[in-house]
Structures are given as structure tokens and as C-alpha cells.
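Visitor: I have a structure to read and would like to know how to go about it. Where should I start?

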Amino acid sequence: MRRQFTILYRLFLARLIDLDILSARGDVRELLARSLSILAALSLCLTYLIAGKYFSMGLPRTRYLYAIWNDEEFLISATIAVAGLFAVLAWNTVFPDRRDCLILGVLPVATPVIILAKLSAMATALGVSVFAINAFTGMVFPYATVDKGVVPIHAAAAWWITVFAAGIFTFSAMLAIQGLAAQVLSWSLFLRISGLLQLAALFTVIALFFVTPPFAATMLDHAFPTSLLPSYWFTGLLHRLDGDPNPVFAPLAAMALRNFSIAAGIATVTWALSYYRNIRRIVQAPDIAPSAHGHAAARIVRGAAFGFLARPLDRAILLFTCRTIARSRQHRLLLAACGGIGFATALAFSRTFLEDLRSHTRWDTPAVPLLVDGLLLLYCAVAGIRGSFSIPLALPANWIFRITAVHSPAAYFAAVRKSLLIVGVLPVWLACLVAYFSIWPGRPAFEHMLVLTLAGLLLADCSLYQFRKMPFACSWLPGGVQLKMRASVYALLFLTFASIAANIELRSLERFARFVVILAILGSAAVWARRRAFEFAGARGNRLQFEDLPEAEVFALDLRQDGDWSSDEAYVDAIDPHAGRSFARRLRPLGIWILVFLIVGFDWERIGEWRDGKLHPQAGTSYNIGGRSLNINCAGAGSPAVILETNWGMPGFSWTPVQRAAAAFTRVCWYDRAGAGWSDPGPFPNHSDSVARDLHQLLGAAHIPPPYVLVGHSMGAFHARVFRGFYKSEVAGMVLVDPMSEDITVDIHNHIEAFRPAVILFYKFLGIFGGFRLLEPDPGPPPRGMNREEWLTTWTLRWQPKSVVSQTKEVPLWINGELARSAGALGSLPLVVLSAGIPGRAEDTELESQERKLELHERLARSSTRGRHIVVPNSNSQIPFEAPEAVVAAIRSVLAETSGKTR
Amino acid sequence: MSLELRNVTKLYSGIAAVKDVSFIARAGEVTGYLGPNGSGKSTTLKMITGLIEPSAGRIFFDGEPIELNRIAHRQRLGYVPEEPHIYPHLTGFEYLEMIGQLRALPERSLAAKIDGFLQLFSLHADRYVPISSYSKGMRQKVLLVAALLHNPQIVLLDEPFSGLDVNSALILRALIGQLAARGKVVLFSSHELETVERVSSRIVILHKGQVVANDSIEKLRTLMSLPTLERIFTELAIEQDTEAISHAILQLVES
């Protein structure tokens, strides 16, 4: 009896994981060793990432309690995911299968021995898996986060009891579902349903792991149904075992215990019953016969194949693909895993919509998460189908493909590609079509579908490059782990890429021209991939592959006569279609495309400039200041003249609202600094000193006599202060609007200054070929003080290439700041410093907090004995647009102060 | 029209499975290909199909090496393998339809042709049942239909009677003769010596990978002065004392 148990235990343990799912001809020991190593390595990484921070903090537990809760829940969730995946993989081996029944049924082995052996094997495998994923976290995390009142060994015991309970619960729950179905349904119906249950279980496990929200935040939000999340129950149990008196955990722990008991109880009963009741049924009903429904579905697929595809070969491979995926559990499971991961990741991306309905991200207009979702599902579908193509089914039957291979390999490759597109890309594409058109306006939905179409074609061609196999008909080397690793790396890269691409796409949806460029780039990539695949398919000596062979260390020269190739078994690699082509020759297509883009971009820019000139004619007069001219625009009458100095990168035209209002009581002039607005480009560098000299020359050329009241916005304040330092007697007053402070800019060093000439050169290049026109963001609605036309003019001037280049010449900011500092104090100059009452994004940083900024503005105001500091409560830093009346009032008050002296 | 093997040898890890085999199978006659287990019959047939390559020697069809135009060779070839390896998840109809499509047969008549075959082979009622549920004999019938679907010029039959019921076996026996009579090259390997004797006009006997007899049955009978093919085969290809071995097995069973 004991010997029988030992033999059966080993047998069941070896067969517990369905090896066929993971790898054809897989070696159980190697597989187990690899799986456990991966889990343990994962545990080590988690220990470093999660537990490490608690050691380095050295703070009391209460200070970071929420972080501990979140991490505990995450680690328990990971344990549940591992136990769930184990249960899915062992799905078909936990109950007696046909092989067990036929072999063991005729042997003199008692049923209790079989049950005991199977139970022990399952417990061992599950226990080892749970231990492996907690191998390091379980040793370190409880000690790192232990409360002072708890004995460390107690905390560790609570941890291990909890994770094992979570693992057993998950496995039992899966078993209970399967067992109940086996007892309630007829055997043939159960066999059919079992596969679907397995897929649903896999999806649930993956989805729960990815979409479970952070524990602490969720527990504080009482509206969230925490009773649905097993990882929450067991987090509660952990805390109760730890003796945590927090009332939040008591109901969760009770739920954990209750559900654990239910799942384990049902699993035990149904599982034991299955051994006594089902063995006869299994032997009598060996296979799944296709149902009437299945038959109808098969006819629909056949009809679709005949409708869509003209060539018999294409139909043969498409139908073979569909039928294999529909009927092979192994392939279905792989696809479900890919689909599950895809859906779960998509859900994780979109969880902002799910969790926070007050989210600022709107779902009814294009948003990055929803754009990513489409790409992600497409990738998972292509990867899943492509992966399943590589896994053979009934390998010895592939002789029929060899013996009927009467078409060229290129015809087979084309047919395989069509199958991938129809089975993998088309369903996702159609689902996206319905989804996007349901929630988004027509145009962005249509544009995104175009992007998805090209992305689908590109992915299909890239995934099938150098794929010479017939789907499901080529052997697969067990060393597929390398492939799995590669697939994982590709998936991670794609995830990163998709996120970036979605951001770019979102920007491109704002402007049609930008979208056309993105589409052209994507289309070019798709054409390139297609061409590469086409060249490969037509390469001399290329043929279908039916044996997966390791890469040869020595390549045979194969110097036989034409048409006398080696056999299929000794497959000779196809000749590289690019062999003999020089690097320059290979790059030629890319060069041609770049040239086309440059020509189109150049013409587009010229047309755009001409159009801008018509739409936004010059406002003001240009005056020569020595080989170049600057534009100035004055309105109103009176003295002193008010001179408006803009912020960095803004044209003088942006002062229009202020000028309009202030012109009623004095002469108000705005001007364009060198390169901005309608002024000619200036020297490099063009810091506050040269700006001040330019302005002085311009005022002379335009016959605007001093004194002046200078108004400077943000960085323009530096220029105004430097002007006052150079020409003290000519400045009668000053208004500084949300000015930059040299005490802040002194710490801002963004660029290596040696690169600045190169950056300017690059910007010039971009400007010539329409780069900025393409990158120009959407202007959005006009600010409060401007109408639509004025705002568009300001925006257009702001983004013209010479303006962007000139901005680059005016920085680094710290030089302007130090020039302003060296200009000295403002003495008794009438001065008003306006501060924005609404902090902007920059003020969020410690460097430039709102409090610090106000303090610096106050100090600046005090640099004049007649200085005043005013906070504009209803405006952000864009006071000239958002609250022009505040600037006008400040000008009026400064003028009032100066009137006694100057008039 | 003939199929000729000239000094064909196949080595596996240096060991010869087939050694220097030469014979000609002509159109209009059935060539019986006999030999004990492991003598190299199936290996020879696989080399003719192109599934494996000879290590030495060449195979000709109508005087032309088959490797010069493999696609044409595949088009004229019908093959029933020794083991009934068929995709079990497909139904009988689906499998045959796929083969018709892979062979680029005209699809208008394909379904009707398959239906006709399935009816004549008594498989019509099970045409939408997965092959995994088929008995060995039913699978064998599917293989026969698959081999004949495209009206091949060369018919290679490796143990075609395996698993067939009596009725089907009788039909097949008649069919083999009729195929040859229609001008096809029929190469037929079997252990059923009585059937081979009745159907074949020419016999090739293989022993340890080498041809030990290659002639018409009448000539072999005359030359070896033996009355039946079974006696000829026993004389040429069986070295063991069958009575003594069966006695030894019985003793082991009862031990």
C-alpha cells in the first residue's frame, strides 16, 4: 500500500502541471526548477523594492501605515495570483482523467490510495509555489514592518499562515467551481463547460491582480465593494492574526475565514465524490462530440472563409487555424492568457475612469488610456495568435502538409499572414471600431481606427518575419523559455512604446496636418515591414519548416546544384535577401523617405508662412536699429510713455488688452524683441543687456522720448530692470507683473550651454522644414482679456520658427537674473509688483513654492522706497491676459506717482 | 510511365535502414513490397514521397529525378502511410476538404467528390464527427480517400488494410487492381501475403534493408520451386524458428 502510494504520488506530482500547455516534450523537472526559480527571483525583487524602503526609512510604523497596508495587500494579491495560475495550469489533472481511469482502473489499487496520493501531490505543488513566491518577502517583510507591540516571530507566523490560507483558498475555490460543475452537469456538458470555466478562471485571476485598487485608499472610500476582493479579506486576516485592533479589519478577516471554509468544504466534498462517481462516466464518454451549436459555428466560419478569401490555400490555412484554436484546449488557453493579460492591462490603464468618476480625464473624448487600450489589445491578440501558431498539435499528422505542398513557400507565408490578420487583428479591430465610435466623436474615432489598421498590419508583418512554419504543424524545441523571455521583453517594450505612441497620437489628433504626418510615418513603417516580409518570402531556397532546429553552430555551404536542396528535416536557412547589400544601400529607402518628408515639410512651411502673413498682417511699424529692424506699436497720447516688455517667447501683440485699456489715459507702446513677432532675428546670445540696448535704440528711432514707465511681465521684468540700470534717468516708474526672481533662476541650469548653438541650429532646421508648425500645440480657448482673433494672432506669432529660435537665444534665465541683480536697487522709483494669486504648476515645486515667490516679490517691491506689492487674487501667472485690468490699474497708479515729477 | 529506385540507401546515425535498393514499379501493374518488421519498407516509401531524403542513390519518375520538380512529384503522388496520423480535432469532411484545398483541386466539385467518397467508404454518417472519435479502420479509410482525392498517377500504399473490416478490405483489394488497370503506378506494402499474392503482379522482398527478390510471382515460384508466396517469403526473409520462439514465449507466460 505504501509503495503504491509513493509511486502514485510521484506520478501525479510529475503530471500535475499540464506540460503540453507549457511546452511540447517538456521536461517536468526542468520546468519545475525554472518555475520555482522565477517565482523565488520575483520574490527577491519584491523584497528589494518593497521591504527595503522600510529599513531605510527608520521611521515608526505609524508614520507610513498606509504604505504597509498597500504593500501587504499587494503581496497577498501576488500569492493569490500565483496560486490561481497554478490551479488553472493543473485544471485538467486534479480530477481523474481518462488515462488514470483506463490504467489505474484495471489495477488492484484502492481508491483511497489514489485520492491520498493525488491530494498529497497537489498539496506539495501548491505549497512549494506559495512558498517560492514568498520565499524572501515572507522572511523580510514581516520583520521590516512589525509593530513595536508585536513579537517578530509572531508577525512572521501570521504572515505565513495568511499567505498559505490565501493560496489554499484560491486553489480550493477553483476546485470547488470545477467540482460543482462536474457533479451538477452531464459529463459531456461538463467537458464542454470545463474549458470555458478554465478560461474564465484564468481571466479572473489576471484581471483581479491587475485591477485591484490600492488597499488603503479603497478602505477609506466606504463606497467601494471591498467584499469582492479576496486579497482584501486575507489582508484583514493578517491584521487580526497580528492582533491589530483596528475595526476595519475584523469584517474582512471574518469574510476570509467564512469563504475559506466554504471553498475548502465544497472542494473536498465534490472532489472526493468525483472519484467515486465519475470514473465510470469518464471511461464511457471519452471525447467531446461537436454540438449542434459548434456545427453551426463551424459552418459560419467556413462561409466567412469562402466569402473573404479567394484562394483555396488561404481558405485551407484559415479554416485549419480557426478549427485548431476553437478545439485545442492548449491553444485556447494560451490565447486566453494573452487576452486576459491584454484586457487586464487595458483595465489597469483605464482604471482612472473606473475608480474616480470625478476624474479630469474624460472618456467621451480621446484620452491616452483609451488610445493605449486599443493598441494593447491588438498587440496581445497578435502575440497570442502568433505564439499559438508555434505550438504544435498532433505533430505526427503534419506529413500531410509536406506531401501536399504544391504551392510556393511565398503562397503559404501569405496565407499564414492572412490567417493571423483575420483571426487576430480583425476581431480586435472590429471591437475597437464599435467601442470607439460609440464613445467618441466620428473624426477622432475614424482617425484612431486608421492608426489601429496600420498598427495591426505592422504588428502582423513584424511578428511573422522569418516565420517559415505552418501553423500548429512544426515541432517546437522545449527550450522555448528563451522565446518566452523574449516575448515578455517585447511586451514590456511595447507597453512603454504604446504609452508614448498614444501620447503622440493624442497630440496628432489635435491637428490634421500632424495626424497626416503620423499616419505617413506609420504607413511607411507598415510598407517597410510588408516589403521586408515579401523579400523574405520570395528568397531563394526558402521553404516551409516542419522541424524546429537549434541554430547551427556550423553552416553547411550546400554547394549542390540548383534545385537539389537538403531535406525538410535538415532545413537550410534561407538566403538573407539583404546579403551583399551595403549599409548605405540598405539605408537608401529610409533616405528617400526622409527626403520626401523634407521637401513636403519645406513647401508646407512656405505655404503656412504666406497664409499667416495674409491672416495676421503686421501691427505696428518697423524701425531700423542698425542692419535689422524691430517692430513697435504705440497707441494713445501722453507722457511718460508706457513701454510694455513681454514674457519669454511672447510677441508684443500679447499686450493688446492692456494697451487697449491704458491707451485711454497715456501713450502705450508694445514692441517685439529681436526674433519675436514682426521683428528681425537678433544676435546670439540675446540676454537682458542686449535686449535693453535694442529697446533703447528702437525708442530713439521711433522718436519716443523719455521718461518711460516700463512694464515687464515675468522674464520681461529682468529686461526692464536691466534697462533701468543702463538708463536710470530715462525711467520714471515701473510695473513688474509676476516677475521672475534672480534668487530662483540662479538655481535653474537646464542645459549644457556648450550645446546651445547646436540646439539653435537644430531649431532653425526644424523651422525651415515645418517642424514647429507640426509640433505647435492647440491654442485652446482665448484668455479672458482677448478675443479669438487676437489670441490666434498671438499664438501664431509665438510659434513661428524665428520666434522659437529667438527664445533659445535669450536663455539661460540665470544670466538674465544676474544681470538684473547687478542693475542694482530701484531707489525711490515708483514701483508696483503684481503677484499671481493662483499658483501655477511651477509653484508646486519646492524650488518655486507660492509662499517663496510671494516673499521674493515682496522683497523686490521693497527694493524701491516707493514700491508696493499687490497680489492679484483671480489670476494665475498670465496676468496680462487673465487680469489685464490689474495691470492697467498698476500703470495708472505708477503714472499718478510720477505725474508730479514729470509733467 | 514508371517509378524507379536506383541504388537508394538511407542511413540513420551511420546505420543503414535501406541499403542499395533498386527496383522499378511500372504503370499498369501492382508492385508488392514485402519485408519483415524493420526491414526498411516504410523508409523506402517515405523516400519516394520526399518526406525523407535518401543518403545515397536517386529516385526517378519516367526517367527524371524526382527532386528536379518536387511540386510536380507531389501532385502526382497519393500516399497512405503506415500509421494513421491525422489531425484528430478535424472532422472527416474537414480534413479531406483541407487536403483538397491544399492540393488546389477545383472547389466547385470538391465537396461533391468528398461526399461521394465518404458514402462509398461508409463514412458519410460520421463526416461531421471529429477524427479523434474514429476507429482505426475509419481513420484508414479517411487516409485512403485523402490519397485518392486528386486522382494520383503514383499510389503508395503502406499497410493499407490495417484496421479495415472485411467488407472494406475486399473493396480495397479490388480497387488496387483497378487502379493499376487504369495505368497508375501502384506500390503496395503489406504483411498480408495472401492479399499481396492475389493483387500484385510483381514482388519486391526486402530483408535487412536490402532487396532479396525482385520479380513476378510466377517467376519467383518457378525459380524457388515453392508453391506459395508465404513459403517464398519465409525462405527469403525469415531466419528464426517461429515454432521454437512461440514455445519459449508460452513458457515465460506460465513462469
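Guide: Start with the contact between the chains, bearing in mind that this is a predicted model. Two residues count as touching if their C-beta atoms lie within 7 Å. Here 32 residues of chain B are in contact with 29 residues of chain A.

Visitor: Which elements give two or more residues to the side of chain B that touches chain A?

Guide: They are helix H2 (70–75), strand E6 (77–80) and helix H3 (92–102) of chain B. H3(B) gives the largest share, 5 residues. Sorted by class, that side of chain B has 18 nonpolar, 7 polar and 7 charged residues.

Visitor: How many residues are in the largest nonpolar core?

Guide: A core is built from buried residues of nonpolar kinds, joined through C-beta atoms. The largest one here has 215 residues, and A:Leu375, A:Leu378, A:Val382 and B:Val142 have the most contacts inside it. Leaving out residues up to four places away in sequence, B:Val142 touches B:Ile86, B:Gly92, B:Tyr95, B:Leu96, B:Leu123 and B:Ile131. A second, separate core has 62 residues, including A:Ala717 and A:Ile879.

Visitor: Is strand E3 of chain B mostly covered or mostly open?

Guide: Mostly covered: 5 of the 5 residues in E3(B), which spans 30–34, are buried. One side carries B:Val30, B:Gly32 and B:Leu34, the other B:Thr31 and B:Tyr33, and both faces are covered.

Visitor: What does E3(B) pair with?

Guide: E3(B) pairs in the parallel sense with E8(B), residues 185–189, over 4 bridges. Strand E9(B), residues 202–207, also pairs with E3(B) in the parallel sense over 4 bridges. Take B:Thr31: its bridge partner in E8(B) is B:Leu187, and in E9(B) B:Thr31 stands opposite B:Arg202.

Key: Residues are numbered from 1 along each chain as its sequence is written. Chains are lettered from A and ligands numbered from 1 in the order in which they are written. This is a predicted model: local features need pLDDT of at least 70, side-chain atom pairs count only at pLDDT 80 or more; totals for chains, interfaces and linings use all residues. A nonpolar core is a set of buried Ala, Val, Leu, Ile, Met, Phe, Trp, Tyr and Cys residues joined through C-beta atoms within 7 Å. A residue is buried if 20 or more other C-beta atoms lie within 10 Å of its own, exposed if 12 or fewer, and partly exposed in between; C-beta atoms are placed from the backbone. Two strands pair if DSSP finds at least two bridges between them. Ala, Val, Leu, Ile, Met, Phe, Trp, Tyr, Cys and Pro count as nonpolar, Asp, Glu, Lys and Arg as charged, and the others, Gly among them, as polar.
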